[in-house]
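Biologist: I have a structure open and would like to go through it with you. Could we begin with how far the model can be trusted?

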Amino acid sequence: MDQGQEHRVETPLGVLHVMVHGAGNVRRPAILTFHDVGMDSKSCFSTLFKFEEMQEIVKNFTVVHVDAPGQEDGAAIYPAGYQYATMDQISDMLPAVLQYFNFRTVIGVGVGAGAYILSKFTLSNPEAVEGLVLINVDTNARGWMDWAAQKLSNLTSSLTDQILSHLFSQEELSANTELIQTHRARLSKAPNLINIELFWKSYQGCPVMLVVGDQAPYEEAAVECNSKLDPTTTSFLKVWTSPVSLASSCMTRLSRSRTTSLSSSYSMEGSRSRSRTLSQGSQGGQLPPSPSHTMEVSC
């Protein structure tokens, strides 16, 4: 993958840092990624897009990595009392990114907070989205017990520990693997930790809860989420593997689907093929309940 071109895109609600990789073929949808809390686009997606399975995608599509305000490496520190954007406001910044690069449509790839932001963007701009890969997103708001536990944790835990608990399961944290240690060191030494905290607090204010792992409660939440999606445009993939492998599998399937239909889908004025949304969970609460379409895949 090339080193990419760095851009700062002005939007009505602020400036977004964007990294673009690829030739910029506007006839094809760009792949637009949005990272999770406690990360930036590089730490969240660089490993994924270096996988061998992703090279077919990288060669054929423009990849656009969007950083939430103030989360990119080297970002200016926000002053005390700064009013950080809400999740909905950040999603409202994305149309300006598409306009800036002259992209007709995108395929969104979001993790955690980024999945929520892309879901909100899609609900507001359905014509601009060809497909979604959403990882660790749930339609259910926190119950009062979850809310109380989170508030207590915020009082007794450091910001680094709070975010690590969001990114990893308790079992993973207890194992204290090299990956955990790397993220802990990165967060605790981050020069823009104030900005990270603002993004974290903004994310906590929206009705979304992280779903991690393959235990029964999380599978049930994903199935319930999928039941609220339109089965004509959605495929539910139940994957017993890591989010990286999940995204790689989904993007490969979505890429192949789009590659075979691009020449015909843009030849007819006013109509185009809609790729299926591939997601482990999606913000689909506004759609009526419908039967689940489930595919078992191995990665």
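Biologist: Which elements of the protein have the lowest and the highest mean pLDDT?

Modeller: This is a predicted model. Strand β9 (residues 294–297) has the lowest mean pLDDT among the elements, 31, and strand β4 (residues 63–67) has the highest, 96.

Biologist: And what is the mean pLDDT of the protein?

Modeller: The mean is 75, and 61% of the residues reach 70 or more. Over residues 258–299, however, the pLDDT is below 50. The model still gives that stretch 118 contacts beyond near neighbours in sequence. Residues 139–144 also stay under 50, with 17 contacts beyond four places in sequence.

Biologist: Let us turn to the inside. Which residues touch the most other members of the largest nonpolar core?

Modeller: They are V18, V66, M87, L94, V97 and F199, out of 65 residues in that core. Helix α3 (residues 87–101) gives the largest share of the core, 7 residues.

Biologist: What is F199 in contact with, leaving aside its neighbours within four places in sequence?

Modeller: Its partners are H35, D36, V37, A68, Q71, Y84, M87, I90, A113 and I117. F199 is also one of the buried residues of α9, together with N195, I196, L198, W200, S202, Y203 and Q204.

Biologist: What span should helix α9 have?

Modeller: Helix α9 (residues 193–204) has 12 residues, so at 1.5 Å a residue it should span 16 Å. The end C-alpha atoms are 16 Å apart, which agrees.

Biologist: New topic: how many aromatic pairs does the structure hold?

Modeller: There are 6 aromatic pairs. One of them joins Y78 and Y82, which are stacked, with 4.1 Å centre to centre and 5° between the planes. Y78 and Y82 also belong to one aromatic cluster with Y84 and F199.

Biologist: Is Y78 buried or exposed?

Modeller: Y78 has a relative accessible area of 16%, so it is buried, the limit being under 20%. Y82, at 37%, is partly exposed.

Biologist: Where does the charged end of R28 sit?

Modeller: That end sits over the ring of F61, 5.8 Å from the ring centre.

Biologist: One last residue. Where does H7 lie?

Modeller: H7 lies in strand β1 (residues 5–11) and counts as buried because its relative accessibility is 18%. Beyond its neighbours within four places in sequence, H7 is in contact with L16, H17, V18, V20, Y100 and F101.

Definitions and conventions: Residues are numbered from 1 along each chain as its sequence is written. This is a predicted model: local features need pLDDT of at least 70, side-chain atom pairs count only at pLDDT 80 or more; totals for chains, interfaces and linings use all residues. Side-chain values use heavy atoms; hydrogens and water are left out. Rings of Phe, Tyr and Trp (its six-membered ring) pair if their centres lie within 6.5 Å; planes under 30 degrees apart count as stacked, over 60 as edge-to-face and the rest as tilted. Buried means under 20% relative accessible area, exposed over 50%, partly exposed in between (1.4 Å probe, protein chains only). A charge sits over a ring if NZ of Lys or CZ of Arg is within 6 Å of the ring centre and within 35 degrees of the ring normal. A nonpolar core is a set of buried Ala, Val, Leu, Ile, Met, Phe, Trp, Tyr and Cys residues joined through side-chain atoms within 4.5 Å. Helices (H or I, at least four residues) and strands (E, at least two) are DSSP runs, numbered from the N terminus. Contact means heavy atoms within 4.5 Å. pLDDT is the predictor's confidence in each residue, from 0 to 100. The expected span of a helix is 1.5 Å times one less than its number of residues.
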